[in-house]
Amino acid sequence: MPESLAFHEPTSVADAVGLLARYGGEAKVVAGSTAVTIMLRNRLIAPRALVSLGRIQDGLRSIREEDGALVLGALVTHREVEMSALVRERIPVLAETFGTVANVRVRNVATVGGVVAEADYASDPPAVLLALDAQIEARGPSGERRIPVADFFRGFYETALEADEVVTAVRIPIPPAGTRGSYEKFVTRSSEDRPCVGVVALARFDGQRCADLRVAVGAASETPRRHPEIEQLGRGTTLRGDVVPTIAAGYASAIDALDDMRGSSWYRRRVIEVWVRRAIERVASAASQR
Amino acid sequence: MSAGSVPFSGMIDAYERVTGRIPYTINIELPGMAIAKVLRSTMAHARIARLDVSRARQLPGVYAVLTGADLLERSDIYPYFGPVFRDRPILAIGKVRYVGEPVVAVAAVDADAAQEALDLVDVDYDELPAVFGIDDALAPGAPLVHEEPPKAGHTFADIILHGHPGTNICNQFKLRKGDIERGLAEADEVFEDTFYSPPLQQVPLETHCCVAQVTDGRVTVWATSQIPHMLRGNLAEVFKLPTSRVRVIVPTLGGAYGAKCYPAIEPIAAVLALSAKRPVKFHLTRDEEFVTVTKHGGRITLTTGVTRDGRIVARKSLCHFNTGAYADIGPRLIKNGGYGTAGPHNIPHVWVDSFAIYTNIPPAGAFRGYGINQAAWAYESQMDVIAERLGLDPYEFRMKNLLTEGQTFATGEPVEDCHFRELLTMVAKGIGWDATTRRTRQGPIVRGKGLSCTIKSTVTPSTSIAVVNLNDSGSLNVLTSSVEMGQGQKTAHAILAAERLGISLDKVVVVSPDTDATPYDQQSSSSRTTYAGGAAVQLAVDDVRAQLVRIGSGLLGVPEDAVEIADARVRTKAPPHRGLELGEVVRKSRSGALVGRGTFQTKGNLDPETGQGVASAHWNQAAAAAEVEVDLETGKVRLLRYHGASYPGRVVNRVQAELQLEGNVGFGVSQALFEEMVFDGGQLQNATLADYMLTSTEDMPRELVVHILENRERGDIHGIGETSLPPVMAAIGNAVFHATGVRVKDLPITPEKVLRGLRERDAADQAERNAHAAEPVR
């Protein structure tokens, strides 16, 4: 490095925020360091300082239930979400999604705060957090705020976070009883690759009829996408027959899919159509088995 | 080993391996050692307009800063190297030829200081037009990667050179067997198909590393090299020294797969050590490894003539291998990749033109399979194309054409110890092949099976020498320059020595290569380490045995033909077997130790104009069968089952043999489905293992069976390091075709290519239905 890189280990969120404010945008927060290390090594970022959250207690490592929501502390690892009995009980699709990320070695260190703050378009969790109407809790010099996921992801590696804000938790409302969810990850290369397309479908049934359908598509565009105007086509139906392909085709044409080594834009649209359909079919058939 | 004992199977250094105690080159630390780093070209093809290293030289903690111009000025350095052509400057001279080429080298007190020095280098380039692909490079008036014809130097005996000065053709190999025109004329059907393989990485876990020291007029390097003696020769040439003044020490390697065959980073480390006047360590990062050596991308067009009943009568092959900016071993690889396209088939008329082409991408060199992967992907894919068109069962079509004992290969040499039909039958049975097998379908998921059968040569002629010291305790040191790179060389050589002498394995130590002490070995590659290196060890033990018999008979007072070596003793043949322990013989001989020498040499060569002659001392034979499922809606391929079969002659170490065979399947699955170096304007786009995809355990088939066809009576050892890799890709491609009717001709077989193929197939079917519908009813 041209300049030496300072490394700070504050013991409180307030101190971390203070450090970030002091560096005025030239510091990077590091937690599990699965992403930051690669970016540093490839010289994609050149911060003056790293602010490690490793020594902070402040409840950043807990998974708890609070006011009808699950609150995942920013330092909770992917593996902890995957294995948590509480998460599996309350929001199984959340545990399922975190369990599909990379491999167990990565999941043992990569954190919940990290995956949202990094905002890599090809991460699995953002789409499921969007579908679940999660909120990101962040603390800055002027205190704490909650940012809906729909407003949080802004673009490639770009979020609504200010340079001096730290993600402290992700708050996920527990869906009403009877909601079924499914995360369908599609990889075009090795099983450990990031998704080419990830689709989450959540459906709540009232008898035979779908009372609520939520579909989010990740990894196919700059930020995960939901289309309420298409989702609502499923409401009041049995989620069988023509409505499902219609919704799937709607997503495929609504999303401006990107091109990368995992697939062309043309290919991603084809996959979105297939995968949205299959994700809905899966939650519909799971619902019918109750 | 005494009779009845269980043969050793595993690795003799297993404990050291699993406890992290193997000393690799990166673990070498010398007093005062500096760390090297290199500034690399950001241009694919450019003149170096200005290069200013003055600020870097002034930085505290920097011991040496070198440029190509500096080296050119020195009278004690010859600044070019390479295994065939001396076309590669140690550091770029005058111009750069690929993105990633070393331009400036720095040795400094630590890595940070070295990096800081590189950041202070000012370099300006005048960009030149560049060529990246084969067609670019061969276009009339294409910019030349090398303006001058490459300088040849001392090289391997089997190299055939056909230069094309004034073009980007680095070398050509020709083969002319029979009369191709007549053969194609005699054929009932002629098929022409073109197949592509992308450039790839070998991806050894351990990246290249070299520690160099220059003192007292001697150059010493600790290197991650598969070829210690050739590296010694190349460094001697660079330093203008007698080879005796260069010493190459090779610790155990953390994998190689061909990447570490030929000199790459060692000359840089060594000239830095000379200039810095202290030891220097140069260890590549993974992204540097990506641009140091690669597997050749290739395009192969096969024109194959077949009779209506399915006999191949003629094959014309046009092969282009993209050898990148420097020749490395490309001039030789095109020979193997060229004659390799005839496959294990009895074809009377064969014509091959195979070219190594210079382009402005990183140099391509040796890669497990050595040109045969590209060749086999082509010919075994085309076998199924032909079978489909002729309405033949791919198994029967192969059985009809596979070489049998004594039939001639493309090079005109008879193939002996021939087992292709047995191997193909083994895998066909394993996978449940049956001529009436139709693809099965469940919803959008279809299943299909594919076969493949391949032949691979081993470098010929070649030489290995071994020395064994029988100590006066009866223990044995084996001195060989064969390299342990995880394949189990030390174990294999120890087993061969122990069993030949009849002593227990724990009495044998195999010494690591050190060119000051261990004798010449041509190369630890080409699947020859157990075969050829091992043969030299056995001959050296035979030499010791002869001495033991001679000395022992004298000591026992009986004629030589009345003594034998058994139970670690020299004894009389007749009961009651009066005798002496081996160590006792050594002690009583007062020779200190008995030194045995063994030289194993194979003979052969090819005619430079016709490619006829002897290409290989023996043939490495393999077959494969794969079953895949394909999602028709996404094109995603999943490998369900895989059966591989190889002929290793005699197995020396069963566990290691099985692991080699399985490892090859992993390599092949990765190449079939995932791997590809992606370039944009000569800039590599995926130089990390997060972006460059290797197969994961999850992608391996749930049913993976490796069949070993042994021939213990004959006792010959055939190499297995590469043998079972070449058939993998085509077996998978053929299974995908069987499942879907989609023939992907360019690796890797990505879901997107399959889906596009399915769409085209459906569109063609629809067009055909429409055409039929439009026909008037008569």
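**View 1. The buried side of helix H12 in chain B.** Helix H12 spans residues 394-401 of chain B, and its buried residues are B:Pro394, B:Tyr395, B:Phe397, B:Arg398 and B:Asn401. They share one side of H12(B), because their arc around the axis is only 165 degrees. That arc is taken from the directions that lead from the helix axis to the C-beta atoms. An α-helix has 3.6 residues a turn, so residues three or four places apart point the same way. The buried residues of H12(B) pack against strand S17 (312-324), helix H11 (372-390), helix H13 (420-431), strand S21 (445-456) and helix H18 (726-740) of chain B.

A residue is buried with 20 or more other C-beta atoms within 10 Å of its own, exposed with 12 or fewer, and partly exposed in between; C-beta atoms are placed from the backbone. Helices (H or I, at least four residues) and strands (E, at least two) are DSSP runs, numbered from the N terminus. Contact requires C-beta atoms, placed from the backbone, within 7 Å.

The model is predicted: local features need pLDDT of at least 70, side-chain atom pairs count only at pLDDT 80 or more, and totals for chains, interfaces and linings use all residues. Residues are numbered from 1 along each chain as its sequence is written, while chains are lettered from A and ligands numbered from 1 in the order in which they are written.

**View 2. Nonpolar cores of chain B.** The largest core has 283 residues. Those with the most contacts inside it are B:Ala36, B:Val106, B:Ala269, B:Leu272 and B:Val736. A second, separate core of 46 residues includes B:Ala466, B:Val544, B:Val585 and B:Val706. A nonpolar core is a set of buried Ala, Val, Leu, Ile, Met, Phe, Trp, Tyr and Cys residues joined through C-beta atoms within 7 Å. Of the 778 residues of chain B, 58% count as buried.

**View 3. A four-stranded open sheet in chain B.** The strand order is S24-S23-S22-S28, with mixed pairing. Strand S24 (508-511) and strand S28 (594-601) are the edges, each pairing on one side only. Neighbouring strands are turned by 20 degrees against each other on average, direction ignored. Strands pair if DSSP finds at least two bridges between them. Four bridges join S22 (residues 463-470) to S23 (residues 476-479), and these two strands run antiparallel. B:Val468 stands opposite B:Val478 in S23(B). Helix H14 (residues 489-501) lies across S22, S23 and S24 of chain B, at about 135 degrees to S24(B). Axes are lines fitted to C-alpha atoms, for helices over the stretch in contact; angles run from 0 to 180 degrees between N-to-C directions.

**View 4. Two cis peptide bonds in chain B.** One joins B:Pro575 and B:Pro576, with omega about 10 degrees. B:Pro576 lies in the loop between strand S26 (569-572) and strand S27 (579-581). Another joins B:Leu747 and B:Pro748, with omega about -5 degrees. B:Pro748 sits in the loop between H18 and helix H19 (751-774) of chain B.

**View 5. Positive phi at A:Arg43.** Phi is near 55 degrees in this non-glycine residue. A:Arg43 belongs to the loop between helix H2 (34-41) and strand S3 (49-52) of chain A. A:Arg43 is exposed, with 9 other C-beta atoms within 10 Å.

Technical notes:
Contact = placed C-beta atoms within 7 Å.
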